[in-house]
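Dear colleague,

Please find the structure below, followed by a short account of what was found where its chains meet.

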Protein chains: 2
Amino acid sequence: MNIGILGTGIVGRTLAMRLVELSHAVILGTRDPQKTLAETASDLPMHTWLQQNPKVILGTFADAAAHGEIVINATNGNGSLNALRAAGEAKLNSKTLLDISNPLDFSKGMPPTLFVSNTDSLAEQIQREFPNVKVVKTLNTVTASLMVHPRQLANGTHSVFISGNDAAAKAKVSDLLHSFGWEDIIDLGDISTARGVEMYLPIWLRLWGALGTGLLNVRVVR
Amino acid sequence: MNIGILGTGIVGRTLAMRLVELSHAVILGTRDPQKTLAETASDLPMHTWLQQNPKVILGTFADAAAHGEIVINATNGNGSLNALRAAGEAKLNSKTLLDISNPLDFSKGMPPTLFVSNTDSLAEQIQREFPNVKVVKTLNTVTASLMVHPRQLANGTHSVFISGNDAAAKAKVSDLLHSFGWEDIIDLGDISTARGVEMYLPIWLRLWGALGTGLLNVRVVR
């Protein structure tokens, strides 16, 4: 399948690697590809990473959106709406947008708070601004490596959640999650249920601190 | 042990029944015992319930607070601070307050939102107003019957959280949780970590809806 990913951070890169491994055609989108390629400050500069992952194509947000049958929002929450605007509504319309972003606000110190919560969510903000995009929230409750390799922890006996208004889009995303190794995929309901998974972040961050590892998740026992 | 419970709803009653079963001496506190005894509207009026549970003594909030070595806040979140004020700071000071309350706001329709969250929590509000009380947040993430009989679900292989500033008070509460049957008790840290467990409520409510049962919990897999 053609898949576009918005965001070149650890989440976007980890998704891209797994998706090409599963034989998908991936364009990784960024605001300014030339600028991203010129960056040398990070531990693994993008030009080096691309040499190591030659099947991944770097492009603009719009290139990634135009390419994808599924588009994945792997940008930082505070940049998500601007990234989607840069991708362009016309290129996103009618597509499934797998939204992983979290509305984390680091401006008030650690641990971060949320810049939207309780009576609204980032996923709902995106859905309202792009009403013809099929937003499906998922994967935001686990660390990047677990998103794509859930079986590395407890043989995959833990849960992931999906929220969205469109049943067919949720089915498509569920198929993708299954291909990563997820078995317990819980459909919480419409996009407003994304409030729940976004508001789960504070306990997740505290569990990371208390347990000393981000390689953790919850299994819903019922 | 002498234990005082504030609140005569399903949570307070369920705790009281389990605690007397475990040989604790329980006073169940309410604002106005005569009024509570005169109520006949509920499915199980208090005077009938007390006949069925003769070891439980009904008293005022102040009676329960004065009696308890541990005091349990099982009131509705929106009434918790007033109930604690009625109990009286002098009677609560230096004691362990096991806080189960959730800051649910039903005034905006269903599902409820939270009247405090993100940058503060109800547990912190209580701790600030009663600085000499040892507030320990726990048990607010499961339904009443699971609080006291965790082994009825998946043989108890699921998790409960504690938050609080006082290590000795947390140890005392952990002992009580162990006596109920809890095995995986995760200490999240100081009382500010109660934000996480209170903000977990929205996903818990949605899981209840999606799974069709409140007899659910999460196991933290790590």
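**The interface of chain B and chain A**

Between chain B and chain A there are 7 residue pairs in polar contact, both residues being at pLDDT 80 or more (a pair of N or O atoms within 3.5 Å; within protein, one must be able to donate a hydrogen and the other to accept it, and residues adjacent in sequence count only if both atoms are side-chain atoms). The model is predicted, so local features need pLDDT of at least 70 and side-chain atom pairs pLDDT 80 or more, while totals for chains, interfaces and linings use all residues. Residues are numbered from 1 along each chain as its sequence is written, chains are lettered from A in the order in which they are written, and side-chain values use heavy atoms, without hydrogens and water.

About 2800 Å² is buried between the two chains, with 73% given by carbon and sulfur atoms (accessible area, 1.4 Å probe, lost on being put together, summed over both parts). Of the area that chain B buries against chain A, B:Ile203, B:Arg206 and B:Val221 supply 22%, more than any other three residues.

Strand 11 (residues 217–221) of chain A runs antiparallel to strand 11 of chain B, and 5 bridges join them (strands are DSSP E runs of at least two residues; pairing needs at least two DSSP bridges). Within this pairing, A:Asn217 has B:Val221 as its bridge partner.

With kind regards

Note on methods. Helices (H or I, at least four residues) and strands (E, at least two) are DSSP runs, numbered from the N terminus.
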